[in-house]
Amino acid sequence: MTAAGVTRRRRTRMPRGMPLLAALGAAFLVLPLVALVWRAPWGELAARLTDPTTLEALRLSLVSASTATALSVVLGVPLAWVLARAALPGLRVLRALVTVPLVLPPVVGGVALLLLLGRRGLAGQYLDAWFGVQIPFTTLAVVIAEAFVAMPFLVVSVEGALRGVDRRAEDAAATLGAGPWYVARRVTLPAVAPGLAAGTALTFARALGEFGATITFAGSLPGTTQTMPLAIYLAMQNDPAAAIALSLVLLATSATVLVALRERWVPAVRS
Amino acid sequence: MSLAARVAVRRETFALDVDLGVPDGGVVAVLGPNGAGKTTLLRALAGLSSVDEGRVEAGGTVWEDTASGRWLPPERRGVGLVFSDHLLFGHLTALQNVAFGPRARGVQREEARRRAQTWLDKLGIGDLAARRPSALSGGQAQRVALARALATEPAVLLLDEPLAALDASTRVEVRRALADVLGERRTVCLLVTHDPVDATLLADRVVVLEAGAVVQDGTPAELARAPRTGWTARLLGLNVYRGVADGTAVALDDGGRLVPAEAPVGAVVVTVAPGAIALHAEQPHGSPRNVWRTHVTTVEQAGSVVRVGLAGPPAALADLTSGAAAELGLAPGVEVWASVKANEVHAEPD
């Protein structure tokens, strides 16, 4: 038998039972979505979706998730940059701390935000006393809660992309006359564009689905803080058909965002 | 655009201390084993890594002086830097890559593009302007990288093994393009290389670095004739000739002719390793296709071998064991017969 023959057999040989477990795994992830689509009230869907409360929740969700994503990009990219590039003592501790929200239950995040920015919070009491500003239970609170939970996704993926950049390309750019900001804009950011795009998509998806931190820190006021996930949860109590319709919208929105980002970025990066 | 530099870098496990002066238009090959500090030297000159002590002055401008605390960042020094892997910006076309430098220095877009096109044309790749780096061959990409570095008209061009990643035939092409642009410019060039042919054909001076210090400094011919260390002897000393081949033999430009195993037709570069040349007291008989009578010009001990200079034509360096050299009574002026087999003579199109 040739060496190539051996390799080919090795490649396709899997432990017995592995494909079966893989099929179960795939079914576990796909079947719930199938059920959602299957049981959707297709006949009355149009009416459900043009309902003003639904549109209001959808609008609020899109606006707050977009704003939270923008905030995450503006603050998260520099943070990832420092984590990837700076030579500071304690950087490892900082990296661990800023990724805590990834593993922290979102409800706990909401409580933590209240303790910082609530009316009696560490910083919130001064905001209230000095400027008369109260953040909890406002749309701003929704944005903050979403960004708190979602930004680590952006930081982690951009930091990884930055570590993969060949620093010598930046060195070459510097010798060509480019100052640090010019190098960052024209060489480094384009080089990490795929990682940034992936991070942005993940961040947006995470922000769009945020529930626990939002309901804790911002409450569920229709038109102000009641985003789609909150609306779905409430609808599920008394009008399951409405909840299914809303869920479909959220599913379609998330899928559209992911597909759009892939179409926009992945082919351009491959070429 | 002369360069005067003293660069001392001290790291935990490594120290570099080099004093270097290069006149207008000088091309210096920097040779040395891995870890000798060649790349550190280039990075220090470019301002990309810190210098513990020293002073760098180029084209009348002080780039760095640790005594006065003066330090210009890389973007304000006039340096061009080319690596063995071209490191072009993948999201830009060849033209945009070359226009990057002028644009970064504030040149208007149209003017920058025009200059970039001129440089691409000069390097014979004007028709590839719209391609992305991923659609370029290794040799083409390296020429774009060279054009990119030259487009800012640097006072000092730093080439870090620019031909090392190319295959043999591409290497010849890019080397010729490099020789052309270096020949016509007053730019100072430092060329880090492992290839004695590059050093011999491109540089007018060779600096050998070992363990962070210059161990030898001179013209390629001087170093080849009297290498100070075994390392230098192994690296330098390859006999390189230019000539014209007629299909069987090569008439060398500087006199004499050599018969290679395979001869193309037209202009060629011929190389013969010094160890392949045998010396005899009497005219040798038998198989060697190349036999010529000449006298010895120099005899130098280099490591374990004796390096003998032959007047020619063709002039050559030959390596012998100490025993063989003693047996032949070699000394300057002694007449000998030199021979080399045809299959030790390599001819490549120039």
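## Domains of chain B

Chain B splits into domain 1 (3–231) and domain 2 (239–349). The model is predicted. Over C-alpha atoms, the centres of domain 1 and domain 2 of chain B are 33 Å apart.

The two domains touch. Domain 1 of chain B gives ten residues to the contact, and domain 2 of chain B gives eleven. On the side of domain 1, two elements of chain B give two or more residues: helix H6 (196–202) and helix H7 (220–225). H6(B) has the largest share of that side, three residues. By type, the side of domain 1 of chain B that touches domain 2 of chain B holds six nonpolar residues, three polar and one charged.

## Contact between the chains

Chain A brings 16 residues to its contact with chain B, and chain B brings 19 residues. On the side of chain A, helix H10 (167–175) and helix H11 (180–191) of chain A are the elements that give two or more residues. H10(A) supplies the largest share, seven residues. The side of chain A that touches chain B is made up of nine nonpolar, four polar and three charged residues.

## Nonpolar cores

The largest nonpolar core counts 151 residues. Those with the most contacts inside this core are Ala145(A), Val7(B), Val30(B), Leu45(B), Val98(B), Leu158(B) and Leu191(B). Helix H9 (residues 139–163) of chain A gives the most to the core, 17 residues. Where does this core lie relative to domain 1 (3–231) and domain 2 (239–349) of chain B? Both domains give residues to the core, so it lies between them.

A second core of twelve residues is separate; among its members are Leu60(A), Ile215(A), Leu230(A) and Ala245(A). In soluble globular proteins, nonpolar side chains tend to be buried together.

Back in the largest core, take Leu191(B). Its neighbours within four places in sequence are set aside here. Leu191(B) then contacts Val27(B), Val28(B), Ala29(B), Val30(B), Leu159(B), Asp198(B), Leu202(B) and Ala203(B).

## Helix H2 of chain A

Helix H2 (residues 18–38) of chain A has 21 residues. At 1.5 Å a residue, H2(A) should span 30 Å. The end C-alpha atoms of H2(A) are 29 Å apart, which agrees.

H2(A) does bend, by about 35° at Val30(A). A proline, Pro32(A), follows within four residues.

Terms used:
Residues are numbered from 1 along each chain as its sequence is written. Chains are lettered from A and ligands numbered from 1 in the order in which they are written. This is a predicted model: local features need pLDDT of at least 70, side-chain atom pairs count only at pLDDT 80 or more; totals for chains, interfaces and linings use all residues. Two residues are in contact if their C-beta atoms, placed from the backbone, lie within 7 Å. Ala, Val, Leu, Ile, Met, Phe, Trp, Tyr, Cys and Pro count as nonpolar, Asp, Glu, Lys and Arg as charged, and the others, Gly among them, as polar. A nonpolar core is a set of buried Ala, Val, Leu, Ile, Met, Phe, Trp, Tyr and Cys residues joined through C-beta atoms within 7 Å. A residue is buried if 20 or more other C-beta atoms lie within 10 Å of its own, exposed if 12 or fewer, and partly exposed in between; C-beta atoms are placed from the backbone. Domain bounds come from an automatic or database domain assignment. The expected span of a helix is 1.5 Å times one less than its number of residues. The bend at a residue is the angle between axes fitted to the seven residues ending there and the seven starting there.
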